[in-house]
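Here are a few notes to go with your first look at this one. Have the viewer open while you read.

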Amino acid sequence: MTPPLTRIGIIGAGNVAARHATVLSGFPDVVIAGIADTDPRRAGELAARHGCPAYGGHEALLAAGGLDAVYVCVPPFAHGAPELDALSADLPIFVEKPLALDLATAEAVAAEIERRGLPSAVGHHWRHLEILDRAQDLLDGRPVRLAMGHWLDKVPPVPWWLDPARSGGQVVEQAVHVLDLARVLVGEVETVHAVAAGNPVPGEVDRATAAVLRFAGGATGVLAASCLLHRKHRAGLEVCADGIALDLSETRLLVDGEQVVEDPGTAKTLVDRAFVDAVRGRGGDVRAPYAEALRTHRLALALSRSAAESRPIRVGGEVLHG
């Protein structure tokens, strides 16, 4: 007997939601059961492409019932209610990063996931890069001592992004991918000290941020982020260990400045496949469940707070000397 299809609802109808919808539609064991967005036009357009109903809000999508899991693909300021409402219906959730604007919202969601024992995943798809597996193999037995992260990019073309009260700023909204990668390859970060460049437009997100990171295992690191450019110039992580230097981006791994290893580009499919498998009870290969992504979110928020307050922060909240 053929197992039933996994019926997935998608909350949000922006570009990231559309990407997930395209991937999910390609799985033979999945059907998109509905798409919700506060902009009915966007919800209708995306739903029409996938032959499913459109809803004007996540409440209506959940009330329609018949779902096995929910994707939450909303802007940073809209997180919280969609996740908690889905969880209250005992539905596993896949959440796109960042988890929220603050820590309290994300911690409330994490606690509810744990209480209900539901599968979860967060869209840190870089964890599914084949070149990341290769990098980990190359670093086996050689702890990283220096990490250099960078996200040098443009302002994304969405109206809410320049407002830190809606996006959380570049470190939280974009560079969180690099911070998550650093946690995978180097380990947990203990303290951070971030400095933002003078902002030419008061009240908007910082256009450039530099930070120093101290890892719990003794490694040191830096992060440089900027949204001053006209296109994405560079986004990734360089690490140095005994006798080896690796430079990892979303598309390639550079070993010792000489050997280039291209990634096959399957990570955005694998991250969805892993979640669907977990929902279907096949175990799956979810590499960033919500509780794990929460650790990266704490780190991003610590950097953001350090830049705002111009002093070092211990990850977890403690303000250090300064």
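1. Is cysteine 240 buried, partly exposed or exposed? Keep in mind that this is a predicted model. Cysteine 240 has 26% relative accessibility, so it counts as partly exposed; the buried class needs a value under 20%.

2. If you were hoping for disulfides, the structure holds 0 of them. Cysteine 73 is in none, and the nearest cysteine sulfur to it belongs to cysteine 52, 13 Å away.

3. Now to the helices, starting with α4 (residues 81–88) and α5 (residues 103–116). Their axes lie 10 Å apart and the two pack at an angle of about 10 degrees. That makes α4 roughly parallel to α5, because angles under 35 degrees count that way. The crossing of α4 past α5 is left-handed.

4. Who touches whom in that pair? On the α4 side, look for Glu83, Leu84, Leu87 and Ser88; they meet Ala108, Val109, Glu112, Ile113 and Arg116 of α5. Sorted by class, the contact of α4 with α5 has 5 nonpolar residues, 3 charged and 1 polar.

5. Helix α5 has another partner, α11 (residues 290–309): the axes of these two come within 10 Å and cross at roughly 170 degrees. This makes α5 roughly antiparallel to α11, since the cut-off for that label is over 145 degrees. From α5, the contact uses Leu103, Ala106, Glu107, Val109, Ala110 and Ile113, while α11 brings in Tyr290, Leu294, His297, Arg298 and Leu301. The classes here are 8 nonpolar, 2 charged and 1 polar.

6. Last pair: α6 (residues 130–138) and α9 (residues 176–185). They pack at an angle of about 35 degrees, and their axes are 11 Å apart. This crossing is right-handed. Leu132, Ala135 and Gln136 are the α6 residues in the contact, and they meet Leu181, Val184 and Leu185 in α9. How many charged residues does the contact of α6 with α9 have? There are no charged ones; the contact divides into 5 nonpolar and 1 polar.

How values were computed
Residues numbered from 1 in each chain as written. Predicted model: local features only at pLDDT ≥ 70, side-chain atom pairs only at ≥ 80, totals over all residues. Heavy atoms only, no water. Axes fitted to C-alpha atoms, helices over the stretch in contact; angles between N-to-C directions. Helix = DSSP H or I, 4+ residues; strand = E, 2+ residues; numbered from the N terminus. Left-handed = near helix turned anticlockwise from the far one by under 90°. Contact = heavy atoms within 4.5 Å. Nonpolar A, V, L, I, M, F, W, Y, C, P; charged D, E, K, R; others polar. Disulfide = S-S within 2.5 Å. Buried < 20%, exposed > 50% of the residue type's maximum accessible area, 1.4 Å probe, protein only. Parallel < 35°, antiparallel > 145°, perpendicular 65-115°, else oblique.
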